[in-house]
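Reader: Could you show me how to read a structure like this, one feature at a time?
Author: Gladly; please look at the sequence and the model first.

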Amino acid sequence: MGNSGNFLQVVARNFDVLALPLVTLLYPLYASIKAIETKSRNDDQQWLTYWVLYSMITLFELTFARVLECIPIWPYAKLIVSCWLVLPHFNGAAYVYRHFIRPFYMNPQSAQRIWYVPRKKDIFSQPDDILTAAEKYMEEHGTEEFERLMTKTEREDRARRSSSNYMIFDDDYRY
């Protein structure tokens with residue numbers, strides 16, 4: 001009992017060190033190879049997305065390694081998130097793709113709206129907001145051009161909203 005008890009203590013203390021490579025690398029590697037050999041797009045999407053997210057997590061860890069060393073729960077949090085991304089029961093990678101990555105990929109303007117930073121020449125000048133930008137556009141291009149732009153934007157927005165029930169795998173691709 002003494003040797004097996006010591007072994008179990010070592011495994012329990014180092015669970016994250018032992019489980020992380022299994023969850024983040026070995027199983028995804030196996031499942032990715034299996035997905036390549038099937039004709040299903042669902043598993044291809046799941047595993048391609050997983051590897052993108054895994055790369056982003058790795059870059060995040062490399063960038064903030066010193067900070068993450070101070071957070072004792074980080075390895076366990078990473079293990080939980082990795083399980084959610086990897087395990088077929090949750091399909092977390094597909095969820096992240098469907099709700100975060102694909103909307104930006106399909107509509108790059110939405111990403112520009114999130115990262116919009118007003119540019120002011122003078123702090124005390126007129127506020128740099130959407131109305132000011134619209135007025136400036138009309139001064140430079142005319143009201144008819146502004147109306148044409150608004151109609152085009154509304155049409156694209158309606159088309160995007162009407163197709164919001166698309167499947168996440170409706171892009172055609174071939175190897």
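**Reading the model step by step**

Author: C70 counts as exposed, because its relative accessibility is 64%, where exposed means over 50% relative accessible area, buried under 20%, and partly exposed in between (1.4 Å probe, protein chains only). This is a predicted model, in which local features need pLDDT of at least 70 and side-chain atom pairs count only at pLDDT 80 or more, while totals for chains, interfaces and linings use all residues. Residues are numbered from 1 along each chain as its sequence is written, and side-chain values use heavy atoms, with hydrogens and water left out.

Reader: How many disulfides does the count come to?
Author: A disulfide is a pair of cysteine sulfur atoms within 2.5 Å, and by this rule the count is zero. Another cysteine, C83, is partly exposed at 22% relative accessibility.

Reader: How many salt bridges does a search of the whole structure find?
Author: A salt bridge is a side-chain nitrogen of Lys or Arg within 4 Å of a carboxyl oxygen of Asp or Glu, and the search of the whole structure finds two. One of them joins E61 and K78, with the closest N and O atoms 2.8 Å apart. This pair links distant parts of the chain, since E61 is in helix α3 and K78, 17 residues apart from it, is in helix α5; helices (H or I, at least four residues) and strands (E, at least two) are DSSP runs, numbered from the N terminus. E61 is buried at 19%, and K78 is buried at 11%.

Reader: Which residue forms a salt bridge with E145?
Author: The partner is R148, and the closest N and O atoms are 2.5 Å apart. E145 and R148 are three residues apart in helix α9 (residues 143-162), which means that about one helical turn separates them. E145 is partly exposed at 24%, and R148 is partly exposed at 47%.

Reader: Is T49 buried or exposed?
Author: T49 lies in helix α3 (residues 41-63) and counts as buried, with a relative accessibility of 4%. Taking contact as heavy atoms within 4.5 Å, and not counting residues up to four places away in sequence, T49 touches A93, Y97 and I101.

Reader: Where is N91 found?
Author: N91 sits in the loop between α5 (74-86) and α6 (92-106), and has a positive phi of about 50° although it is not a glycine. N91 is partly exposed, at 34% relative accessibility.
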